[in-house]
Amino acid sequence: MKVLIVGAGPAGSTAAYYLAQAGIDVTVLEKTSFPREKVCGDGLTPRAVREIQKLGLPHAESEGWRRNKGLRLIAGGRTIELPWPEVSDFPTYGLIRTRLGFDEELARHAQAAGAVVLERHSVTSALQSDDGRVIGARASILDESGRKTGETRDFHADVVLAADGNSTRTAVSLGMHKRDDRPLGVAVRTYFTSPRHEDDWMEGWLELPGKSGKPLPGYGWVFGVGDGTSNVGLGILNSSKEFGKLDYKQVLREWTAGMPADWGFTPENQVGEIRGAALPMGFNRTPHYSPGLLLLGDAGGMVSPFNGEGISYAMESARFAAEFLIDSASRSTSAGWTADDADAHLSRYADYVRDQWGSHFTLGRMFASLIGKPAVMKLALRTGMPIPMLMRFVVRMLANLTDPSAKGFEDRVIRVLEMLVPATSNTSSVRPFKAADSDTAVSATTS
């Protein structure tokens with residue numbers, strides 16, 4: 001079996017590592033060159049840390065990985081610190097690591113396992129056979145400055161994994177558009193030189209100022225990177241009536257301007273520009289499997305509507321996809337195993353992903369809708385913040401840190417809630433997301 005992966009982010013590099021470890025011929029096409037920036041909060045919850053551990057990726061603090069104890073939540077004049085819960089399936093620490101270093105280390109880890117990683121190969125479209133099966137991808141070759149050289153190359157494979165993020169040219173070239181029945185978020189962030197760079201907590205601000213003085217849906221964060229800087233940013237959901245109409249960079253400037261001066265979140269301490277990106281949530285691009293193609297991570301809208309977390313789901317989807325591919329490759333030597341059998345087997349990937357997170361994402365969609373109502377958000381914060389036990393439950397729910405087999409009260413409540421809602425579908429049974437809506441949202445982050 002020969003596998004082609006488009007994108008060397010967390011999803012692509014994770015899948016490449018597992019496939020190469022299993023002896024499968026795997027090539028990864030990455031449009032940029034490492035090290036490269038990526039708009040992100042740089043925060044890794046225990047769910048993502050578990051995937052890093054499964055990969056066997058070293059993450060010592062001496063190498064730029066900073067551990068944290070849990071979440072510090074701020075809202076309504078209150079501050080509460082909530083350590084990461086002790087759950088058998090997950091570690092009890094989170095990590096802060098800039099994507100500048102994280103993505104490159106993942107890619108090099110995959111290379112060390114035997115994967116071929118080709119940088120400055122920008123995929124423009126998928127290749128299809130006469131019967132519509134995906135059989136590879138076409139890439140433009142870029143020079144060291146990122147400009148097209150005029151050269152293109154076609155890469156053929158038995159299976160293609162689209163791990164090329166929210167914009168996923170691979171899927172879009174096949175007519176797989178975004179869905180308008182899923183939440184969409186935008187995030188902006190920058191770095192500041194700050195004495196808070198060694199903070200042991202991931203800090204979340206649950207209220208952001210809107211034009212009317214009412215809180216906007218979304219949250220702000222302050223994450224100490226440990227290198228002398230803090231990552232400061234905010235995320236906003238499209239459940240707000242003002243979504244797509246705000247200058248989110250200006251919201252970030254106004255928010256940080258109101259912080260204590262000794263934190264250092266001032267224009268003169270800013271490191272780099274404010275950058276923004278869209279957050280594709282709740283399976284907003286489907287189907288996740290079609291003949292010859294699997295969608296991974298952000299390409300398949302695998303970002304949690306609860307908290308905007310995408311790295312853990314990207315890495316998990318990559319692990320799941322690799323497991324199905326490795327199993328299919330092993331079965332291919334069996335007598336009577338046909339190409340149709342392989343397709344039927346790989347198609348189970350979409351159902352498996354849905355079973356894993358579908359109900360959680362459905363609850364997240366309901367949550368996103370509710371916090372879009374300022375009165376509901378205000379009531380929830382006024383009720384919840386004074387009750388640490390309730391907030392601990394909320395953190396476990398939002399971060400999806402639950403043990404399916406545990407009998408503890410919180411685990412049982414979460415299981416019941418997820419049983420009461422239908423799993424978010426990852427089939428393409430609805431009309432495409434309107435591109436204009438997405439363009440409006442993203443342009444607002446870059447104004």
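Which helices each supply at least two residues of the lining of the second largest pocket? They are H2, H6, H7 and helix H10 (409-419), where helices (H or I, at least four residues) and strands (E, at least two) are DSSP runs numbered from the N terminus.

The model is predicted, so local features need pLDDT of at least 70 and side-chain atom pairs count only at pLDDT 80 or more, while totals for chains, interfaces and linings use all residues. Residues are numbered from 1 along each chain as its sequence is written, and side-chain values use heavy atoms, with hydrogens and water left out.

**Second largest pocket**
- H7 provides the largest share of the lining of the second largest pocket, five residues.
- The space in this pocket is about 400 Å³.
- Its lining comprises 20 residues, of which Gln356, Asn400, Thr402, Pro404 and Glu418 are the closest to the centre.

**Nonpolar cores**
- A nonpolar core is a set of buried Ala, Val, Leu, Ile, Met, Phe, Trp, Tyr and Cys residues joined through side-chain atoms within 4.5 Å, buried being under 20% relative accessible area (1.4 Å probe, protein chains only).
- The largest such core has 55 residues, and Ile5, Leu19, Leu44, Phe102, Leu161, Leu296 and Tyr349 touch the most other members.
- Elements that each supply at least two residues of this core include strand E1 (2-6), helix H3 (99-113) and helix H7 (339-371).
- H6 gives the most to this core, 10 residues.
- A second, separate core of 29 residues includes Phe223, Leu279, Met377 and Leu401.

Key:
Buried < 20%, exposed > 50% of the residue type's maximum accessible area, 1.4 Å probe, protein only. 1 Å grid on protein atoms, 1.4 Å probe; cavity = no way out; pocket = protein on both sides within 12 Å on 5 of 7 lines; lining within 4 Å. Points joined across faces, edges and corners; volume = space filled by probe spheres on them.
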